[in-house]
Amino acid sequence: MWTTRMMARAGAQKVLSHEDNTLFFVWNMDMVREFAGILKKAFPPDTLHAYATKANGLWFIMEEYAKMGLGCEAASMGEFCQGLKYFDEQKMVFDSPCKTMKELKLCLSKECLVNLDNFQEVDRVEQLISESSGTVKANIGLRINPQVGSGSMGIFSTGTATSKFGIPLEDQRAEIIELFKKKKWLNTLHVHTGSQGCGLNLMVAGVKAIVELADEIGDQVKIIDIGGGLTVDFTSDTWKPDFQEYSDKLREQCPNLFKRQIVTEFGRSLLAKTGVLVSRVEYTKTSGGQFIATQHAGVDIAIRTIWAPKDWPLRISCFEPSGNPVTKEEISTNLAGPCCLGGDILAHERMLPQLSPNDYIVAKDVGGYYHSSYSYYNLRQSPALFIYSEETDELTMARSASTVEETLSFMDPK
């Protein structure tokens, strides 16, 4: 994997021997571009691929995607405003299920796509349209819950019978169709069946249900937003299922989707395998016969892995301060994190080469949803950010770690 070459470069550049580089992310920008290119090839050229900002809202990711012609999906006003810094209005999608009147007024004034979550939100938009004398720039859609069931991880399944997202299709199909008849400003249907743990068949079933609804409504539906999803394999370098496989299944089972403008909202499947988290080992010890290596990646930066280690396992590689792989005999290892929590363990009883203080571990597949889930727990500092080019073997710091003073400002008066 590219991480071996990257760590050799980090050792050669003295990145690993620098006192302050205890924890840092690295993104392979060649892979960022490669995966986005694969996505674009899998769908029609006019598809708007609005990547999910929640996966990674860093400026250099946004700049790269904007250059490639992708769009940006936002689930909050913060994400929406961050996206507007780098993307044209026409390439923005706003999906928050909890928009305020102020937020609705702002996004309706932009040439973006706004997806509404419920009938009450539709009423709010009707009021704003009336107050603006009908001068609304945005495309306006309705999020539908296809109620097609759950994947293997219920918390990430949004197409269940009782999902908090969207208007339930089986429960209120007639009301949805009638709403489109009355609200001619509605021109989009939106669906997102889920993400991690949702298989392709479930994803396709959700889209198929919405395409059939669009066909029933008629030509008023100009756009179908199929959301994101696609499960990531956290156990290997394998990148399956891929975007082409998904697109092929959609063409086979719901061909009428491709007669309308398509919007996608992929995040984890675009970014997970493009990033790693590098952490320095500070101490080692044995307790109750279990070898423990204490390092700097914990619940403040890897919240999903810490709280649900079986669902979000991270592959680990081990390196010396020189950047060369650790070659010692493997031993059952608990990778302890730095936070004040007994369960702050990044990897449990993992067979790893025996680590020593100042060695480094590399946690893989963290290009999405790890940096963006950073918390201020224990007032630890956010990690430094590096970008790497596999093609040129260049490793560059994009931003240094936050300082203690910057972290404390979150708790201090403005």
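A crossing of two helices is termed right-handed if the near helix is turned clockwise from the far one by less than a right angle. In the predicted model described here, the crossing of helices α5 and α6 is right-handed in this sense. Helix α5 spans residues 101-108 and helix α6 spans residues 119-131, and the two pack with their axes 10 Å apart at an angle of about 60 degrees. Angles of 65 to 115 degrees count as roughly perpendicular and those under 35 degrees as roughly parallel; α5 and α6 are therefore classed as oblique to each other. On the α5 side, the contact is formed by M101, L104, K105 and L108, which meet E121, R124, V125, Q127 and L128 of α6. By class, this contact of α5 with α6 comprises five nonpolar residues, one polar residue and three charged residues.

Helix α2 takes part in two further helix pairs, one with α3 and one with α9. The axes of α2 and helix α3 (residues 59-67) come within 11 Å and cross at roughly 40 degrees. The two helices are therefore oblique to each other, and their crossing is right-handed. From α2, the residues M29, V32, R33 and A36 contribute to the contact, while α3 supplies F60, I61, E64 and Y65. Six nonpolar and two charged residues make up the contact of α2 with α3, and no polar residue is found in it.

In the pairing with α9, helix α2 (residues 29-42) approaches helix α9 (residues 243-253) such that the axes come within 8 Å and cross at roughly 15 degrees. Angles under 35 degrees count as roughly parallel, and α2 and α9 are therefore assigned to that class. The crossing in which α2 passes α9 is right-handed. Residues F35, I38, L39, K41 and A42 of α2 meet F243, Q244, S247 and R251 of α9. The residues of this contact of α2 with α9 divide into five nonpolar, two polar and two charged.

Nine polar residues are present in the lining of the second largest pocket, together with five nonpolar and four charged residues.

With a threshold of 30 Å³ or more, the count of cavities comes to two. The second largest cavity has a volume of about 30 Å³. Its lining consists of F234, R268, A272, R304, W312, D365, G368, Y369 and Y370. In terms of residue class, the lining of the second largest cavity divides into five nonpolar residues, one polar residue and three charged residues. Glycine counts as polar under the classification used, and G368 is among the residues of this lining.

Definitions and conventions. Residues numbered from 1 in each chain as written. Predicted model: local features only at pLDDT ≥ 70, side-chain atom pairs only at ≥ 80, totals over all residues. Heavy atoms only, no water. Axes fitted to C-alpha atoms, helices over the stretch in contact; angles between N-to-C directions. Helix = DSSP H or I, 4+ residues; strand = E, 2+ residues; numbered from the N terminus. Parallel < 35°, antiparallel > 145°, perpendicular 65-115°, else oblique. Contact = heavy atoms within 4.5 Å. 1 Å grid on protein atoms, 1.4 Å probe; cavity = no way out; pocket = protein on both sides within 12 Å on 5 of 7 lines; lining within 4 Å. Points joined across faces, edges and corners; volume = space filled by probe spheres on them.
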